[in-house]
Amino acid sequence: MTLLPDDANKLSCRSVWKLYGEAAGNFLGARASPPTPEEIRSAGLIAAVADVSIDVRAGEIFVIMGLSGSGKSTLVRCLSRLIEPTAGQILFDGRDLLAVPEKELIEIRRHRMGMVFQNFALLPHLSVLDNVAFPLAIQGVERSRREARAREMIDLVGLQEREYYLPRELSGGQQQRVGIARSLAVGPELWFLDEPFSALDPLIRREMQNEFIRLQGLLKKTIVFITHDFDEAVRLADRVAIMRDGRIIQVGTAEELIVSPADDYVANFTRDAPRARILSARAIMRAATGTAQVAGNVDADTKVCDFAAALEAASQPFAVIEHGRVIGLVDRAAVMAVFVGAGLRER
Amino acid sequence: MQTTAHRIAAPTRFSPPWRRAFWFGVLIIAFAFAFLQTAKPPDWMLDLPREHWLPLQAGISAAMKWLVETANFGLFTFSEATRFVAYLLDQPLALATAVFAHGFTQGHGSAAIELMPPLPWLAALLAACAIALHAGGVRLAVLAAGAMGYLIVFGQWQSAMQTFASIVIAVPFGVVGGLLLGIAGHRSARFHKALMPILDAMQTVPIFAYLLPILFLFGFGPVAALLATIMYALPPMARVTLLALSAVPTELVEAGRMAGCTPRQLIARVMIPAARAPLMTGVNQVIMLSLNMVIIASMIGAGGLGYDVLASLRQLDIGGGLEAGTAIVVLAITLDRVSQAYAKRALEVRRRGALRYRWVLLGIVVALWLAALKIEPLRHYPESWTLSTGVFWDDLVEWLNVNYFDSFEAVKTAILLKFMIPVKRFLLAQPWPFVLFCVMAAALSIAGLRRAVIAGIFVLTIVFTGLWQPAIVSVYLTGVSVLLAVAMGVPIGIASGTRPRLWKFVEVMIDTLQTLPSFVYLIPVVMLFRVGDFTAMFAIILYALAPAIRYTALGIREVDPGVIEAATAMGATRMQIMLRIRLPLALPSILLGINQTIMLALSMLVITALVGTRDLGQEVYIALVKADVGRGLTAGIGVAMIAMIADRLMMASAVRMKRRLGLG
Ligand SMILES: Nc1ncnc2c1ncn2[C@@H]1O[C@H](COP(=O)(O)OP(=O)(O)O)[C@@H](O)[C@H]1O
Ligand SMILES: [Mg+2]
């Protein structure tokens, strides 16, 4: 994968901290080096977010994953400045978000950011239409225009003919569709989703994920997506950041996390992942040794599940190709290992 | 959180056997004071001589006088400011009174000519029915029709409309003022911190004590009464607003902020709509409290139904008092039900439909109004069409007195002699240093050192303002009333807690009891028992009974069903389950109920001054009659202090008990 230039980062944060506790304000300023978890605990503080630095590239789906209580919600609220971080820097399109005055922040939220919430956070007294039109209404957009736009969004999420329902008359999945439509109504560039599907039944969740993939195919937003479910992360993410105790443990593609987990915590998440769909030929190939017989070629980025059947039917290994050159071989044993979940071969 | 948990879990001053021995000793000493001639304390311990009193009363009076006569803000004086406020309030009030009660007139006194009559009774009846129909359907409309019908037919119309006019003006002020205070408190932590103790104090200071400074600053009349009403009804709205806003889900607030709401939009378009259910109950409270206060404020010139009741009580005109009292009840129940129905509707209906046919209704009302200019029976309901039940009630009372006087008297005398007077004597025999010691010891063991010191300061304040004797009489009257209210209320609560059908009935009863303005309770009791301590006690019990029942039933009902199931599985009988499981687990809730009962009893205490008690309430009442601000406020603060001591101790024991039972 080619490295994008630095200015392609839509959103970056550097050493962001969020401490809770009585003396949280002075704690960080008073020391030269970052505090250790023990020091924080003995000061009676809780580090909901600790020393987090991440870069979210324009147009990617960046998933933040971790167990509950690991600080995901707090982090995403720091990124949108719903919560004021204790320390650190947040750059949105290169502009320091924490230095932006209140008035401009409101403008940024009105036009350039959207957020979807775990428990939908719909206004209980407004119809679906009015909920979706709400962000436009508070900007003072006139009724006919905002309702037209809201109808567009409602169509987009497939809720036509429910415009006049109240939130409590809808199912959970439908409510979250409203939440999504509302957050998209202003056409934001940056889209935050805090565990948007966690409150839904598994079947509905799957359906909503597909819907989400379809939407992103149309819209190409820059997305920060929070989840505690690795399967969900794998299905949606371009890159995943794993969080624990307020810290980012590892950032990478799903494949990188499986192939080289930073520690047991990460390995635990990836253990039951659908590897055949995540791992590519590159991840399981062995070095090409001289003049081996091959039954065919496979591109280095092809997922295991996509060539496993063909390889199974052939009698010889496949050559792994990148830029027209053979870079390795995959054989039946390697594919078998993926399916039975044995240890990965080192590259 | 951790620090309180720690404090409460920490071993308390007296270990249990010691503690029991300590309180047993205290009891023995108390009995000695009461019954042994040799143990009689010196007189200064029973009633502090005047030369030792702190000049608090005079100080307050002087401060008030200074305010009214000399205080100056530079641009204007204090009395100019009060006059300005009075002027502002007088405009809408005069308009409302003209519309509903007096009509528009030109000129003064007997030379006045009526330009426009007040809203004709027929139009008001129609409007009330239409509004009730819109709010809650046919049943409510029938109720409204009946209520209006009563007011019209029984000759209460004019007074009722005058009372109603005050409410129509007081409620918006109370609601908007409370809302604004609550919002300000929600937005600024510092303002919140400053606001809470004021709200607390305003809720414990007895109603009459509000009237005094207002009377002094604004004089006798409807505007002063209106101001008192607003001041009385506003704090609960502020409190409800604070609670309701802080209960809005965080995510919803965040959704609003992410949508780009300004702080003002966030409050107006997200938080208040999201909190409208509790806010609506707040509005209902403001309405009911305003009614209660408007009635009481008749003492400083509110007029209307309250004045009728007051006048009847003063003349012991039972029939008239009952009729006006019933009119208050009818008005209270109608206002309560209609406002509750609107509160419910606001939550239920999808698109809030405006009152259908409202233009038709308005047209009819205007037409009737114009017609009233020409048609006399429309203008004023003809006197010859009115009924009066006054004679009937008088006859009934006479009949009761002729036939049952002896029985009533016997019951009254027995309870007075066997119960009330001994308790009173017992309490009055206790020297104040000993009481001070007991109160502080109790506060220390239940609620910690800080509360103990505060309680001590309160007791000393009462002693050194010369209010000791009336304060003890207040404690006695409240005590016996609460004792009996609890003795009746808790068993009713226990019985109805596990029986849904019985509860339904009981709930309607106590809901209605709680809707009625406190004044009303005096009427039937006076009718049967004349004036005096017994009557006062009876009225206090009626007024304060509801929470004892409600909280007991609640506690009994909300015991974890899992625990009940487990006990049933172990073979416990119904009785055993009640005595060994439900009752102990319901105890914290029962304590809260008793606390509420005490608070209500104290607030009623002051009103029973009208039937001739000799307590702090009487002090306030006399001060009110004499417009003696210092005396009245001091006595009012005395009642508030007693209330605060009782409240803090009861709450602390409820919390302690809850923790011990592992209920949170
Ligand atoms: N307002 C707060 N005060 C104190 N601690 C908080 C607060 N908000 C969050 N925390 C703590 O910060 C940690 C991270 O919380 P959160 O961001 O909600 O985690 P997640 O979304 O990953 O479940 C938790 O341990 C939580 O208890
Ligand atoms: Mg979370």
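This dialogue reads selected features of a predicted model.

Biologist: What kind of model is this, and which residues count for local features?
Modeller: The model is predicted: local features need pLDDT of at least 70, side-chain atom pairs count only at pLDDT 80 or more, and totals for chains, interfaces and linings use all residues. Residues are numbered from 1 along each chain as its sequence is written, chains are lettered from A and ligands numbered from 1 in the order in which they are written, and side-chain values use heavy atoms, with hydrogens and water left out.

Biologist: How do I read strand pairing, and which strands pair with β9(A)?
Modeller: Strands of a sheet pair through backbone hydrogen bonds, either parallel or antiparallel. Here a pair needs at least two bridges found by DSSP. Strands are DSSP runs of E with at least two residues, helices are runs of H or I with at least four, and both are numbered from the N terminus. Strand β3 (61–65) of chain A pairs with β9(A) in the parallel sense over four bridges. I64(A) has A241(A) as its bridge partner in β9(A). With β10 (247–252) of chain A, β9(A) pairs in the antiparallel sense over five bridges. There, I242(A) stands opposite Q250(A).

Biologist: How many residues lie between β9(A) and β10(A)?
Modeller: Two residues lie between them, and the strands form a hairpin. In the turn, D245(A) has a positive phi of about 45°.

Biologist: Why is β9(A) described as largely enclosed?
Modeller: Look at burial (buried is under 20% relative accessible area, exposed over 50%, partly exposed in between, with a 1.4 Å probe and protein chains only). Five of the six residues of β9 (239–244) of chain A are buried, so the rest of the structure largely encloses this strand.

Biologist: Is Y265(A) buried or exposed?
Modeller: Y265(A) counts as buried because its relative accessibility is 13%. Y265(A) sits in helix α11 (264–270) of chain A. Leaving out residues up to four places away in sequence, Y265(A) touches G66(A), L67(A), I242(A), M243(A), R244(A) and I249(A). Touching means contact, with heavy atoms within 4.5 Å. A polar atom of the Y265(A) side chain lies 2.9 Å from the backbone oxygen of M243(A).

Biologist: In what order do the strands β11, β12 and β13 of chain A form a sheet?
Modeller: The order is β11-β12-β13 in an open sheet with mixed pairing. The edges are β11 (296–299) and β13 (325–330) of chain A, each pairing on one side only. Neighbouring strands are turned by 40° on average, direction ignored. Axes are lines fitted to C-alpha atoms, for helices over the stretch in contact, and angles run from 0 to 180 degrees between N-to-C directions. Five bridges join β12 (318–322) to β13(A), and the two run antiparallel. F318(A) has V330(A) as its bridge partner. Helix α14 (304–313) of chain A packs on the sheet, touching β11, β12 and β13, and its direction makes about 145° with that of β12(A).

Biologist: How do I read the interface, and how much area do chain A and chain B bury?
Modeller: The size of an interface is often given as the accessible area lost when the parts come together. Here that loss uses a 1.4 Å probe and is summed over both parts. Chain A and chain B bury about 2,300 Å², 57% of it on carbon and sulfur atoms. In chain A, L82(A), H125(A) and I138(A) lose the most area to chain B, together 23% of what that side buries. The contact takes 31 residues from chain A and 21 from chain B.

Biologist: How many salt bridges are counted between chain A and chain B?
Modeller: One. A salt bridge needs a side-chain nitrogen of Lys or Arg within 4 Å of a carboxyl oxygen of Asp or Glu. The side chains of R77(A) and E254(B) meet in a salt bridge at 2.7 Å, N to O.

Key
A polar contact is a pair of N or O atoms within 3.5 Å; within protein, one must be able to donate a hydrogen and the other to accept it, and residues adjacent in sequence count only if both atoms are side-chain atoms. Buried area is the accessible area (1.4 Å probe) that two parts lose on being put together, summed over both.
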